[in-house]
Structure formats: C-alpha cells, structure tokens
Amino acid sequence: MSSNRVGKELADFLLQIEERSQFHAGYPYNLSCDYSAIGKFFNFLLNNAGDPYVEPDFGLHSRKFEQEVLSFFAQLYKIPENQFWGYVTAGGTEGNLYGMFLAREIYPNGILYSSQDSHYSIAKAAKLFRIQHNVVNSQINGEINYEHFEQLISENRSSPAIINLNIGTTVKGAIDNLDQVLEILERNQIKDYYIHCDAALSGLILPFLDGAPQINFEKPIDSIAISAKFIGSPLPCGVVLTKKKWVEKIETAIEYIGSKDTTILGSRNGHTPLILWYALQTRGDDGLAREAKTCIQNAQYLFQQLKIREYPCMLNNFSNIVVFQKPSQKLIKKWQLAIFENWAHIIVMQNIDREKINTFLNELLLEEGLLNNAEDFQLQPVLR
Ligand SMILES: *Cc1c(COP(=O)(O)O)cnc(C)c1O
C-alpha cells in the first residue's frame, strides 16, 4: 500500500471510531478518557509476565505501577496490604477465570453455584476447569433466587460450595445479597466454601455510593474480579484480588522467567497497569466517587423520564443499567443498544450525560408517539 493510501485508511477509520463513540450507550465502557499523557510509552515493549510481585531480570515491565494499582484496590476492598494478592488482568473474564481456577484448586470436589444471570465467562470457567456447575434460577430483577439456591445447596451438603456472587449483573445490574447467601451456607452447615465476586462494572461504583451494599474482604469473600469498564481504558483490562494464603497454597516456581507461575496468562500487558495508575492518580477516590454518583443519578433520570410516560422500563437499586422495552431497529443501530428478548438497555456511563440522554429520549418518545414535538422534552424538570 502507498503511504497515501495508508494515511487515508487511518483517517477514515478515525472518523468512523469518533462517530461510533459519539452514539454508544448499550455497553459498559467509560469513553470519556484521555490518555495522551502516557502515549509515548506505546513506542516501547512492556511485558509484566508472571507474578506482579516477583522482580524478574527482564527490565521492560511496569510492576511498580501495577503494585500501586493493586494497593489502591486492596484498600478500597478492605484487605490488609500483607494479606492480599492480585494482578492486573486482561479484563473481567480473566479475573473470573482466575477466581474459579483458585477455587477449584482449593476445593477440587467443589460444586459451583451461580445464577442464570451470571456472565457467560462463569459457565466458560466451569467448562475449562471441569467444575460441576449448578445453575441457580434468577429473580425477575436479575438477582439470584435464594430459595432455589438453598434447595440446591441442601441437596449437596457433603460437597464444598464454590459460589460466584454477582455484584452487578451484566444485563440488569442486579446485586446478589452476600449476607443472605452466607446465612444459607450456615443454615446448611457448609463449612468449606469459596466465594468469588464478579464485580466487573459495579466494583468501582458501589464502594462510593451511600447506602449501597458494601461487599469487601471484611466479610468472608475469597476473590473479586473488577474490569476497567468504569475507569475507562483504551485497552481492555481489569483487576483480580484474592487472599495471599490461597495463592501460596497453589503457586509453582518457574526458573525460565525467574518468576512464579501464579497468573492465568504468561506474558501480560505492561501498558494497562500504567493506564490504570494514571487514571487513579489523576481522578483519585473523590473523582471516582463523583463520577459514580453522577452516573447513578443520570440513570435514575432516564428511568424516571421513561416511567412517567409509561414506557416499560426497569432499574435496580444502585445500578446504572436502565432496562426498557426494545425500540426500533434504527435506534438500536444508532445508539448501539444491547438487546435481549424484548428488552434493551442503556448503561449510563460517564460519557452518557443529561444532554445525550435527552437526545435519546427525544428520538425514542417521538418515535413512539409519546411526545408531540421534539422541543417538549427539554422542558421537563430534572428529577432527583
Ligand atoms: C463485562 C462483564 C464481564 C467480562 O468482562 P470482560 O472485560 O469483557 O472480560 C464479566 N462479568 C460481568 C458482570 C460483566 O459485566
């Protein structure tokens, strides 16, 4: 290809991506980030292969930043510095795979319980690691059905229980109740259990919301996976945290890399820890808290506006996922809405502000004949 042609291809692609980013509402990605300050590092190889806490001879890595990122999450999830272990993953899926792998290593005969609304990576983990998987029914709001869970637990009292707890389901943003699950385990005298929390999106929202369920290591959870969806990262990534004692139980030393083989992947992205570090340094707890609250308020605003016009919709407590009746194909395409059966959802991230919500509402309600003219909408008072 001539350099002219390469330039044109890239310019076209840039335009396309800019346009698609403008109208992106169906998937949980924070698109309002600017990482140009660390752009120069993309001319270098960075590979954090192996354990984030073992210094290798190989020098092109970003472990220092990875460790600081992990310490931030450890503090947020209330596990002492000397008791946790974790690493920056390739995303929510790798964190879930890691949690399930660790659980299986600790309880080789354990049975996995997770609700129907769990992310598909949980069923994938059960397959990969050959864990017996008992799928628990969900409630309408996406939360696990506790009666069904207890029934399955009571039928398998002699086996250790591996539980994937959803801290914000993918489709409806429902939160499984940890206390209720613990009660059921106790009532059925299950002593050997492992609780993994899939907090892919809500993991960086709930800790900052007043009154929201606080799921952290002060309670008997064993691992948690969080993706960078809410932080926002041009390269998909995430974080997994667990208890050091579990990892020490299963680790093996690998001479060739001068490290310990504790991670799922061998070579690991060295740029993503830098991205996360930069995001946390520049936004901090306060910035993230503000963003979390704004997203939740904006989701409630979208939900209220649909509800007062009797447009079928649903919103879980402490969630930024507004579920509503599937609109026209035209709107689904334009706004890149995720669809399931007769439903669609908008995930109100940082880049979905009031203005964008109003634009969408105008288009939807006009199409549905629920609005007389496009101007009406802007006159609606803002609900709190
Ligand atoms: C998105 C998501 C995942 C998977 O995360 P990836 O980064 O796409 O691998 C897992 N669990 C939940 C609840 C999610 O929403």
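1. By class, the shell around the ligand holds 7 polar, 2 charged and 1 nonpolar residues, where Ala, Val, Leu, Ile, Met, Phe, Trp, Tyr, Cys and Pro count as nonpolar, Asp, Glu, Lys and Arg as charged, and the others, Gly among them, as polar. The residues surrounding the ligand are Gly91, Gly92, Thr93, Asn96, His119, Gly168, Thr170, Asp198, Ala200 and Lys229, a residue being near a molecule if one of its heavy atoms lies within 4 Å of it.

2. This is a predicted model, in which local features need pLDDT of at least 70 and side-chain atom pairs count only at pLDDT 80 or more, whereas totals for chains, interfaces and linings use all residues. Residues are numbered from 1 along each chain as its sequence is written, and side-chain values use heavy atoms, with hydrogens and water left out.

3. Helix α3, residues 92-106, gives the most to the shell around the ligand, with 3 residues; helices (H or I, at least four residues) and strands (E, at least two) are DSSP runs, numbered from the N terminus.

4. A nitrogen atom of the ligand lies 2.6 Å from an N or O atom in the side chain of aspartate 198, while an oxygen atom of the ligand is 2.7 Å from an N or O atom in the side chain of threonine 93, and an oxygen atom of the ligand is 2.8 Å from a polar backbone atom of glycine 92. The protein buries 84% of the 380 Å² that the ligand exposes when taken alone, with accessible areas from the Shrake-Rupley method and a 1.4 Å probe.

5. The ligand takes up the space of the largest pocket, a pocket being, on a 1 Å grid over the protein atoms alone, an open set of points with protein on both sides within 12 Å along at least five of seven lines, and its lining residues having an atom within 4 Å of a point. About 810 Å³ of space lies in this pocket, and among its 40 lining residues Pro28, Tyr29, Ser227, Lys229 and Pro236 lie nearest its centre. By class, that lining has 20 nonpolar, 17 polar and 3 charged residues, and its largest share, 3 residues, comes from α3.

6. The largest cavity contains about 40 Å³ of space, and Tyr77, Ile167, Ala199, Leu206, Pro207, Pro213, Ile215 and Ile224 line it. This lining divides into 8 nonpolar, no polar and no charged residues.

Terms used:
A polar contact is a pair of N or O atoms within 3.5 Å; within protein, one must be able to donate a hydrogen and the other to accept it, and residues adjacent in sequence count only if both atoms are side-chain atoms. On a 1 Å grid over the protein atoms alone, a cavity is a set of points where a 1.4 Å probe fits but cannot get out, and a pocket is an open set with protein on both sides within 12 Å along at least five of seven lines; lining residues have an atom within 4 Å of a point. A molecule sits in a cavity or pocket if more than half of its atoms lie within 2 Å of its grid points. Grid points are joined across faces, edges and corners, and a volume is the space filled by probe spheres set on the points.
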